[in-house]
Amino acid sequence: MTFKELILEYGIEYLKALLMTWRLTALSFIVALVLGIFITVLRISPIGVLRKVSNWYIQIFRNIPGAAFLIVLVYAFPYLNIVFSYYTCVLIATSLIPSAFCSDYLLSGVNTIKPGQIEAARALGFSFSKIVRIIIIPQTLRTSVLSLTNLLIATMLTTALASQVPMNTRDLTGIVDYINTHNTGGVLAFVISAALYVLTAVVIGQLGNFIDKKVRIRR
C-alpha cells in the first residue's frame, strides 16, 4: 500500500491509536510520578524498615522486563483469583516500572538540596513531614524537570506493551499489527507509527525544556 492509501483507509485508526497512546502515557506517568514521590519519601525516611521496603521496591520494578511483568498480570494472576482487564494490566505495568526510575531521578534531585536548609528547618522545629512537604518535594521537582521529561518519553515508549494484549482500542504499535494482519501495509505502516512517536517525543522534549527554564533553581 502507498502512503496515500494507508492514510485514506486507516487514517482514523491511526488517530485513535495516537490518542490511545497519549492517554496511556498520561495516566501511566501521573501514577508513576505519584508513586515515585511516595517511594522517594520512604527512601529518605528516618524509619529503617520503610527505607528497606522502598529499596526492595526499586530493585524489583527497576529490573523486571515490562513484557514479563505484563505476562504475569494477564496470565498468572488469574490463577490467584486476581483478574484485571487488559487495559488495567497494561496501565499497571506501564506505571509501576517507570515509578522505580522516577524515584531514582527524584532522589538525585533530593541530593542537590543543601543540608543547611534541612538543618535550619529542624532548628525551627519542623517535623519530617513538614520538611518534605515544604522544602524537599518542591525543590526536588524543580531540579528534576529534564529527568522527568525523559521519563515521560520512556513511559510513552513503554505503552507499546499494549500491543501484546487484545485491547478494544489499539495503540500506535498495535495498529501496525492490525494493518499488516488485514492488509499489506508493509514497512510504511511502521514508518507512520514511528513518525508519530518521534513527533510526540519532540513536543514533550520542547515542553520539558521550556518548563525547566521557567522553574530551574539558580545556584
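**Aromatic rings and their setting**

There are three aromatic pairs in the structure, where a pair means Phe, Tyr or Trp rings (the six-membered ring for Trp) with centres within 6.5 Å; planes under 30 degrees apart are called stacked, over 60 edge-to-face and the rest tilted. One of them joins Phe77 and Phe84, a tilted pair with 6.4 Å centre to centre and 45 degrees between the planes. Phe77 is partly exposed at 23% relative accessible area, and Phe84 is partly exposed at 34%. On that scale buried is under 20% relative accessible area, exposed is over 50% and partly exposed is in between, using a 1.4 Å probe and protein chains only. Elsewhere, ring pairs tie Tyr57, Phe61 and Phe69 together as a cluster.

Before going on, a word on the source: this is a predicted model, where local features need pLDDT of at least 70, side-chain atom pairs count only at pLDDT 80 or more, and totals for chains, interfaces and linings use all residues. Residues are numbered from 1 along each chain as its sequence is written, and side-chain values use heavy atoms, with hydrogens and water left out.

Now the setting. The protein chain has nine helices and zero strands, these being DSSP runs numbered from the N terminus (helices H or I, at least four residues; strands E, at least two). Its C-alpha atoms fill a box of roughly 70 × 45 × 20 Å along the principal axes. Of the 219 residues, 39% count as buried. Among contacts in the protein chain with a separation of 6 or more, 76% come from residues 24 or more positions apart, contact meaning heavy atoms within 4.5 Å.

Thr159 gives you a local example, in the loop between helix H7 (145–158) and helix H8 (172–182). Thr159 is buried, at 0% relative accessibility. Leaving aside residues up to four places away in sequence, Thr159 touches Thr21, Leu24, Thr25, Thr94 and Asp171. Asn81, on the other hand, is 78 residues from Thr159 in sequence and 26 Å from Thr159 in space, C-alpha to C-alpha.
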